[in-house]
Amino acid sequence: MAKIDLAFGQDKKSKQSYLFSGFVLILVVLVSLFWLMPKLMAIVKANRDLNVSRKTLAELTKKVTTLEGLSKPELTDKVDLALKILPLEKDVPGALSTLKKVALNNELIVNEMSIPEVGEITSGSAETKTSKNIKEEALPSLSVKLTLIGPREKIINFFNQVETTAPLMKVSGLSISQKNEGTDESLIEVRTYFLPLPKTIGKLEQTVVPVTSQEEKIFNELSSFKIFEKSVFEETSSPSAAKLDLFGY
Amino acid sequence: MSGEIDFLKGQQVGGALKTKFLHSLKVGTLVLILAYCLVSAAVFSYWLFLSNQTNKINNEIAVKKTKITALKDVESLQVVLKQRLSSLDKFFSSKKGAGNFNNLLAFINQTATGINIKELKIAEDKMNFTGLAPNMMILENFLNDLKSNESSSLFSKITLSSIDRQEDGSYLFSVLLEIKK
């Protein structure tokens, strides 16, 4: 009778041990399935996000440092000059007036002046043209034809001056013929350039590209450009650098 | 006699093994619980650390974004300046080629000494030149100058289109010059 009781006690104890181990095992599996695995996946995702955030922070820090290192008054002056030389949109009155002033400075008679194709004068049309023209000549332009009468040296001087006067112009075609002794007649085609604002601007994550040394040289070249003061009638709607808000553009 | 025969011996040996196995199972289970708790704690701590780091970095990003927004005027100006200067850089480098009108005119002015330039046309990559040379020697000098090294850097092909002797002994000639790109 005593032997039977002993075996029964041992069986109960071992059953309890098996049950406890089984319970722990099931608990481990369940906790792993419903807590540990999602947590591990969340860690992997958080790690990936953290790396992205770290990269973003590094870029933003670089951007803030670059922007803080720039002087607003100096930039305003530079942009003002750049906008005078390369306006935002077709500056028809400005171009005509400048050509006339350069001709008068060289004591040349402007016989005729025409713009074969003006098109729309808003920056919207300019933007459409930019993409087309980029492959051909990098900058959108407007063609002006004019006939000048005067001594040849003065006409040649006119070519030189036109290309170093604001707004940016380039003689794209010319014909000089002798009219009288010492007087020539010249038919000139001048292209005057403009450039609309970039379409993508003001994104927070967008890096600020610094001006290269080559571009600094270009700016120094711009500083030597002759700029004629505009009369009230020639003022266009182009904003100055001080009024330029590209984020709200 | 009854003391020599032990009927429980087999059961005792089996019981000892079972007890040992149960003991190992118990210890193993406890070790598993402990190890699992440690792993879970480590995972949880690392997750907390990552969350803190993410929050910290996100706060820093927010601060930087505020600073950038405050500096938007400067950024606008910089973007516009950069856009204009890079476009002008391309423009000026394309202008510095052989086809620059000022270079061509300077060359013609320099070489056409003594020649009366009647007509000069430059369009795209061609230049038409009509002149009046008072005598053959001046015309020869001019044509020789056109064959010089400086000329070959500006023009790819030079063709003497026509030459007419005038009544007064002067020569009216026409030259077609193909401009190098």
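Q: In what order do the eight strands of the open sheet come, and how are they paired?
A: In this predicted model, the order is 1(A)-2(A)-4(A)-3(A)-1(B)-2(B)-4(B)-3(B), and the pairing is antiparallel.

Q: Which ones are the edge strands?
A: Strand 1 (109-114) of chain A and strand 3 (155-165) of chain B are the edge strands, each of them pairing on one side only.

Q: And by how much are neighbouring strands turned against each other?
A: On average, and with direction ignored, neighbouring strands of this sheet are turned by 15 degrees against each other.

Q: How many bridges join strand 3 of chain A to strand 1 of chain B?
A: There are five bridges between strand 3 of chain A and strand 1 (residues 116-123) of chain B, and the two strands run antiparallel. As for a residue pair, A:Ser177 stands opposite B:Glu119, which lies in strand 1 of chain B.

Q: What sits in the turn between strands 3 and 4 of chain B?
A: The two strands form a hairpin with five residues between them, and B:Gly169 in the turn has a positive phi of about 90 degrees.

Q: Switching to the contact between the chains, how many residues are in it?
A: On the chain A side there are 66 residues, in contact with 61 residues of chain B. Helix 1 of chain A gives the most to the chain A side, with 26 residues, and that side divides into 39 nonpolar, 16 polar and 11 charged residues.

Q: How do helix 6 of chain A and helix 2 of chain B pack?
A: Helix 6 (residues 213-223) of chain A and helix 2 (residues 72-95) of chain B have their axes 9 Å apart and pack at an angle of about 80 degrees, which means that helix 6 of chain A is roughly perpendicular to helix 2 of chain B.

Q: Which residues meet there?
A: From helix 6 of chain A they are A:Gln214, A:Glu215, A:Ile218, A:Phe219 and A:Glu221, which meet B:Leu85, B:Ser86, B:Leu88, B:Asp89 and B:Phe92 in helix 2 of chain B. The residues of this contact divide into five nonpolar, two polar and three charged.

Methods. Residues are numbered from 1 along each chain as its sequence is written. Chains are lettered from A and ligands numbered from 1 in the order in which they are written. This is a predicted model: local features need pLDDT of at least 70, side-chain atom pairs count only at pLDDT 80 or more; totals for chains, interfaces and linings use all residues. Axes are lines fitted to C-alpha atoms, for helices over the stretch in contact, and angles run from 0 to 180 degrees between N-to-C directions. Helices (H or I, at least four residues) and strands (E, at least two) are DSSP runs, numbered from the N terminus. Angles under 35 degrees count as roughly parallel, over 145 as roughly antiparallel, 65 to 115 as roughly perpendicular and the rest as oblique. Two residues are in contact if their C-beta atoms, placed from the backbone, lie within 7 Å. Ala, Val, Leu, Ile, Met, Phe, Trp, Tyr, Cys and Pro count as nonpolar, Asp, Glu, Lys and Arg as charged, and the others, Gly among them, as polar. Two strands pair if DSSP finds at least two bridges between them.
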